[in-house]
Amino acid sequence: MSGDNSANGRTGDEAISRFVERFAAELTEAGMQRMAARVFAALLSSETGSMTSAELGEQLRISPAAVSGAVRYLSQVDMVSRERDPGSRRDRYVLHNELWYETFTRRDQALTRWEKALRDGAATLGPDTAAGARVTQTAEFFSFLQHELEGMLDRWRVYREEHGMQAP
C-alpha cells in the first residue's frame, strides 16, 4: 500500500495511519477504550477486514499485550472474532459481517431490557410521584427509540439493496 497517495507526497500507509488514528480518536471520544478503538479502526481499514496480532502490533506500533487487551474488549462487545489461520498456530482477528447492523440490533436488545427495568422502577416509585413520572418518561423514550431503530434498520436493508450494496 505504499506509493504516493496525494499531492502532498504522503504515502498510502501514512494516509491510512492518519485515518486510523483520526477515526480511533472519534470512537474514543464516544466512549470506546482507546486501544480497542485503534485496533478496531485498523481492522476496519484493512483490505480483508482481518489481521494477525503481529500485523496489528506492527501497524499500530503497540505491544502484543496491548493488542491482546484490545481484542479481548472487542470480542466481549461482539465487534470482532478470532479465527485460526489455516495450517498455522496464529490467530487472525476478524471484523464481524454486518458489523454496524449487528451492533445496533444488540443495542435494540439492550433498550428492551432497560425499558423493562425502568417500567418496573416506575411502578415501584409510583405514578403519582415526580420520580415515578420521570422514570416513566424515560421508559417511554426508550420504547420510542426502540421502535424507531427497528424501522431504521429495515430501511437500511432496503437502501442497501436499492444501491446494490452487498453485505461485507
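**Loops, sheet and helix packing in the predicted model**

In the loop between α4 and β2 lies Asp-78; helices (H or I, at least four residues) and strands (E, at least two) are DSSP runs, numbered from the N terminus. The structure is a predicted model in which local features need pLDDT of at least 70 and side-chain atom pairs count only at pLDDT 80 or more, whereas totals for chains, interfaces and linings use all residues. Residues are numbered from 1 along each chain as its sequence is written, and side-chain values use heavy atoms, with hydrogens and water left out.

Asp-78 is not a glycine, yet has a positive phi of about 60 degrees. With a relative accessible area of 34%, Asp-78 is partly exposed, a class that lies between buried (under 20% relative accessible area) and exposed (over 50%), as computed with a 1.4 Å probe on protein chains only. A positive phi, of about 55 degrees, is also found at Arg-61, another residue that is not a glycine. Arg-61 belongs to the loop between α3 and α4 and counts as exposed, at 73% relative accessibility.

The strands of an open sheet follow the order β1-β3-β2, with antiparallel pairing; two strands pair if DSSP finds at least two bridges between them. Because β1 and β2 stand at the edges and have a single partner strand each, one side of each is left without a neighbour in the sheet. On average, neighbouring strands of this sheet are turned by 30 degrees against each other, direction ignored. Strand β1 (residues 50-52) is joined to β3 by three bridges, and Ser-50 stands opposite Val-94 in β3. Five bridges join β2 (residues 80-84) to β3, where Arg-92 is the bridge partner of Glu-83. The hairpin formed by β2 and β3 has six residues between the strands, and Gly-87 in its turn shows a positive phi of about 70 degrees. Four of the five residues of β3 are buried, so this strand is largely enclosed by the rest of the structure.

Helix α2 lies across β1, β2 and β3 and runs at about 80 degrees to β3; angles run from 0 to 180 degrees between N-to-C directions, and axes are lines fitted to C-alpha atoms, for helices over the stretch in contact. Helix α3 also packs on the sheet, where it touches β1 and β3, and its direction makes about 90 degrees with that of β1.

Met-35, Ala-36, Val-39 and Phe-40 of α2 are in contact (heavy atoms within 4.5 Å) with Ala-66, Ala-70, Val-71, Tyr-73 and Leu-74 of α4. This contact comprises nine nonpolar, no polar and no charged residues, where Ala, Val, Leu, Ile, Met, Phe, Trp, Tyr, Cys and Pro count as nonpolar, Asp, Glu, Lys and Arg as charged, and the others, Gly among them, as polar.

The axes of α2 and α3 come within 11 Å and cross at roughly 105 degrees. That makes α2 roughly perpendicular to α3 as well. Here Arg-38, Val-39, Ala-42, Leu-43 and Ser-45 in α2 meet Leu-56, Gln-59 and Leu-60 in α3. By class, the contact of α2 with α3 has five nonpolar, two polar and one charged residues.

In soluble globular proteins, nonpolar side chains tend to be buried together. A nonpolar core is a set of buried Ala, Val, Leu, Ile, Met, Phe, Trp, Tyr and Cys residues joined through side-chain atoms within 4.5 Å. The largest such core has 24 residues, of which Met-32, Val-39, Phe-40, Leu-43, Leu-56 and Leu-74 touch the most other members. At least two residues of this core are supplied by each of α1 (12-29), α2 (34-45), α3 (53-60), α4 (64-76) and β3 (91-95), and the largest share, seven residues, comes from α2. Leu-74 touches Met-32, Ala-36, Val-39, Phe-40, Met-79 and Val-80, not counting residues up to four places away in sequence. A second, separate core of eight residues includes Leu-111, Leu-118, Val-135 and Ala-139.

Terms used:
Parallel < 35°, antiparallel > 145°, perpendicular 65-115°, else oblique.
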